[in-house]
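Look at the chain and follow its pockets, its helices and its surface in turn. Keep the sequence beside the picture as you read.

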Amino acid sequence: MAPADAADLYAEIFREHTTSLEVVSARRLKQVGARPPVREYLAQLWGRRHFLWAEARAKVSSGTRETVLGQAWMIINPILSGLAYYRLNADEGVAGV
């Protein structure tokens with residue numbers, strides 16, 4: 001890149017742009033890191049069901065889950081983890097976020 005091109009690029013990147021101001025109502029704002037309500041969470045989970053199904057099939061076919069106990073643990077472990085996460089954070093939300 002020639003020095004003149006670099007100067008033009010610098011001027012293009014750092015020139016002042018006019019900005020517009022958008023007013024947002026407080027009802028549309030959401031707390032960062034807050035968990036959604038259970039109904040909304042289940043709707044999001046349903047929307048990602050194809051990914052979850054593909055991931056589960058990949059884990060089952062990975063070859064390391066050849067025993068019945070290993071396959072059962074692949075189902076039980078995420079359910080228990082989700083229940084523990086929900087139970088621990090049900091009252092106050094995630095601390096420190």
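The second largest pocket is lined by Arg-35, Pro-36, Val-38, Tyr-41, Leu-42, Leu-45, Ile-79, Ser-81, Gly-82, Leu-83, Tyr-85 and Tyr-86. A pocket here is an open set of points on a 1 Å grid over the protein atoms alone, where a 1.4 Å probe fits and protein lies on both sides within 12 Å along at least five of seven lines; lining residues have an atom within 4 Å of a point. H2 and H4 are the elements that give two or more residues to this lining, and H4 gives the largest share, six residues. By class, the lining has nine nonpolar, two polar and one charged residues. Ala, Val, Leu, Ile, Met, Phe, Trp, Tyr, Cys and Pro count as nonpolar, Asp, Glu, Lys and Arg as charged, and the others, Gly among them, as polar. The volume of the second largest pocket is about 370 Å³, taken as the space filled by probe spheres set on the grid points, which are joined across faces, edges and corners.

This is a predicted model, in which local features need pLDDT of at least 70 and side-chain atom pairs count only at pLDDT 80 or more, while totals for chains, interfaces and linings use all residues. Residues are numbered from 1 along each chain as its sequence is written, and side-chain values use heavy atoms, with hydrogens and water left out.

The chain has four helices and zero strands; helices are DSSP runs of H or I with at least four residues, strands are runs of E with at least two, and both are numbered from the N terminus. Of the 97 residues, 2% count as buried, that is, under 20% relative accessible area, with exposed meaning over 50% and partly exposed in between (1.4 Å probe, protein chains only).

The C-alpha atoms of Val-38 and Tyr-86 are 9.9 Å apart, although 48 residues separate the two along the chain.

The largest pocket holds about 470 Å³ of space. Its lining has 13 residues, of which Ala-56, Lys-59, Met-74, Ile-75 and Pro-78 lie nearest the centre. H3 and helix H4 (68-89) each give two or more residues to that lining, and H4 supplies the largest share, seven residues. The lining divides into eight nonpolar, two polar and three charged residues.
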